[in-house]
Each structure stands twice: as C-alpha cells, then as structure tokens.
Amino acid sequence: MNHSGTYQGWSCSKVGDHHDLSIEKLPSSVPTGGQVLVSVKAFSPGFPDMLMTQGAYQLRPKMPFTPCAEFSGVIISTGANVSRFSAGDHVIGTVRYGAAATQVIAEEENVFKLPQPFDFEKGAAFLIAYKTAYIGLVARASLRERETVLIHGAAGGVGLAAVKVAKVYGAKVIALATGKEKCSVLKKVGADYVLDYADGIFKDRVNEITAGRGADVIYDPIGGAVFEESLKCIASLGRVLVIGFASGKVGVVRANHALIKQYSVIGVRAGEFGRLHPKQGAMVMERLLSMAESGKLIPYVGSRYGFEGLIDAFDEIQKRQVVGRVVIIV
C-alpha cells in the first residue's frame, strides 16, 4: 500500500449520470488531529451514494469528489489525539463521501473495530443499514416485544437489516419485496410473513395477518403509493417510520386520519441522529457493535464486484436488483 504520494479513487467530476465516474490517481493526505488513514479493503455503495453522483441527494459535495460512505480496512496511520486505534488495526467506518478508493481519511469517532465474526466484506456492509434500522425501530419507534412490524423494501440493505433487528427484539415481522428470489431470502433470514408486491394490494393481507388490528410499526424506505397504502393497515397508536423515498415519490398523510387512528409519523435520518445527539448516537453504536460481536446481527452481502465494478454495482442498485448490500472488494 502506498503510504505517500498517490492512491487510486473513483472520481465524480460532473453530476447527472453515474456512468461518467472514472478511476483517477489522487494525491494522498496525512491524517490530522482526531483522524485516521485507512487502507480500504472493501466498500459498500448504497442508494444515497448513487443519488449523490446524480446530484439528486440532499448533500452536494464540491466537484470533483470520490463517492461512497461505508468502508472496512486496515489503519495505515493515525493523527494526533487518536487514542482508540493504531496502525494495523482492522476497522469499519463511515465518511460522508470518499470511500470508493484504495485509501480514505476518516474521523476517529466514525471508525470502529471490525467485529470478530465479520470479514472485510461483511464489515463494509454493516454500519449504515444497521444504524438506520436500529435508530428507526428502537431509538425512534421504541419497538416492543411481540409487536408487529411491516417492513417495506425488505430485501434491500436497510430493509434486511430492519428484519434482523426486529427479530432480535422479539417482534413479529411482515416483510414485503418483489419477486421469488427476494422473497425466499426473506424467509431464510427469519421474516414471519413474506408478501410479494407483485400480488397487488398488501393492506388486506396485513389486516388479515393482524386480525384486523394493523401493524404497530411500519418501516418505509419507499414512499409514494406504498406509504399511502400503509396508512390503511396501521394499528391505533402505531408508528410510521419515514426512512426514504426509493420510489422517487413522497407520500401524503392526512392529519385528520392521523388524529382518528392516533398514529405517529416519524422521520428517520440515522447519520443526523448521532450528530444531533452524540451521547445517544454513541449508545446506539455500542449496542449495535455488541450485537454484531455476539453474532446476532450479520449483514447479508448479495453481490460482490472488484474495484473496477462500481458502475456495474450502481446499475444493479438503480434496477433494484440488489438483495441486501452490494460490496466492492479493493
């Protein structure tokens, strides 16, 4: 690994189409106070990373930038005041962007020891999806044992993570996805009921499964029509988690309906949660990492590519073909 001089990274020099990304030689930097320099072994591109390259995400980095937020690897060197790591440590971590490269500089507070049961592939696929699932279901929706959770887009990265977190907390899971392959993976990872969007209206099936009560918690990364139909199968005092808008459409809620059914609509931004509440954010990480250490939470890697495969990976994400997470091996 090149400790100085240059390293290789994917570069986005104009927004609009991820097919315009290219691999460039970039000048190495030295970590400053509170930072670590990591030799990247794997990184995991996600839907928000793809949106960022298209200029369609809320965070718009200055051009040119290196995309992708989540990585695993080995510490090369540390800046001043870094107490938790030293060179040679195996780690996982996140940056806001910059992970699609052979090395990355990250803040120490966003880097963690690679959990014992994980290889680098699983390590790169853990933090963002599981943090989103945990903060949504546990920190924000206060999920209780034996409650029913309806999980949309359940075969995607944040969806599968939500299935696993909900099961660890003793909830009953109704998982929704499209197609036989995705549905069979959901059965394997322990969803109690698996419904296929291809079968049409899901609200009737959810109401039937819950004996007319509806789901206590609805986890929705899709938005649009899916969100609106979900409100027709929510239990009284239920919680709807707005995770994202993979459909490209924003659902509408009628305030009078929320009043009658007494449900809450809760926005979930996992990264922002830790920035706003550093103490609670640290507690979330502690809990997640201990569940990872004990083997209760293991990420599902559905596809793998070599370093040159980032554009193909984004294509797979765009076509909604990914099961779990896609990982790029450096």
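Predicted model: local features only at pLDDT ≥ 70, side-chain atom pairs only at ≥ 80, totals over all residues.
Which residues line the largest cavity?

**Entry 1: the cavity**

The largest cavity holds about 60 Å³. I listed its lining as Ala125, Ala129, Tyr130, Gly156, Gly157, Leu160, Ala161, Lys164, Pro299, Tyr300, Gly324 and Arg325. Sorted by class, that lining comes out as 7 nonpolar, 3 polar and 2 charged residues. I then asked which elements the lining comes from. Helices α3 and α4 (157–168) each supply at least two residues, and α4 gives the most, with 4.

**Entry 2: helix α3**

Is α3 mostly covered or mostly open? It is mostly covered, with 11 of its 14 residues buried. I noted Leu127, Ala129, Tyr130 and Lys131 among the buried ones, and Ala129 and Tyr130 are also in the cavity lining. Where does α3 bend? The bend is at Tyr134 and comes to about 25 degrees. Tyr134 is itself on the buried list, as are Ala133 and Ile135.

After α3 comes Ser142, with a positive phi near 45 degrees. Ser142 sits in the loop between α3 (127–140) and β8 (148–151). Is Ser142 buried, partly exposed or exposed? I read 39% relative accessibility for Ser142, so it counts as partly exposed.

Ala211 is another non-glycine residue with a positive phi, near 55 degrees. I placed Ala211 in the loop between α6 (203–209) and β11 (215–220). Why does Ala211 count as exposed? Its relative accessibility is 71%, and the cut-off for exposed is over 50%, so it counts as exposed.

I also checked peptide bonds. Met63 and Pro64 are joined by a cis bond, with omega about -20 degrees. Pro64 belongs to the loop between α1 (47–53) and β4 (70–78).

**Entry 3: a β-α-β unit**

Next I looked at strand pairing around β9 and β10. Do these two run parallel or antiparallel? Strand β9 (residues 172–177) pairs with β10 (residues 193–196) in the parallel sense, over 4 bridges. Helix α5 (residues 180–188) makes a β-α-β unit with β9 and β10, and I noted its hand as right-handed.

**Entry 4: the second largest pocket**

Last, I turned to open space. The second largest pocket has a volume of about 400 Å³. I found 17 residues lining this pocket, and those closest to its centre are Tyr7, Leu26, Ser29, Thr66 and Gly98. Which elements give two or more residues to the lining? They are β1 (6–11), β2 (22–27) and β6 (103–107). Of the elements, β6 gives the most to this pocket, with 3 residues. By class I got 10 nonpolar, 6 polar and 1 charged residue in the lining.

Methods
Residues numbered from 1 in each chain as written. Heavy atoms only, no water. Buried < 20%, exposed > 50% of the residue type's maximum accessible area, 1.4 Å probe, protein only. Pairing = 2+ DSSP bridges. Right-handed = clockwise from strand over helix to strand, strands pointing away. Bend = angle between axes of the 7 residues up to and from the residue. 1 Å grid on protein atoms, 1.4 Å probe; cavity = no way out; pocket = protein on both sides within 12 Å on 5 of 7 lines; lining within 4 Å. Points joined across faces, edges and corners; volume = space filled by probe spheres on them. Nonpolar A, V, L, I, M, F, W, Y, C, P; charged D, E, K, R; others polar.
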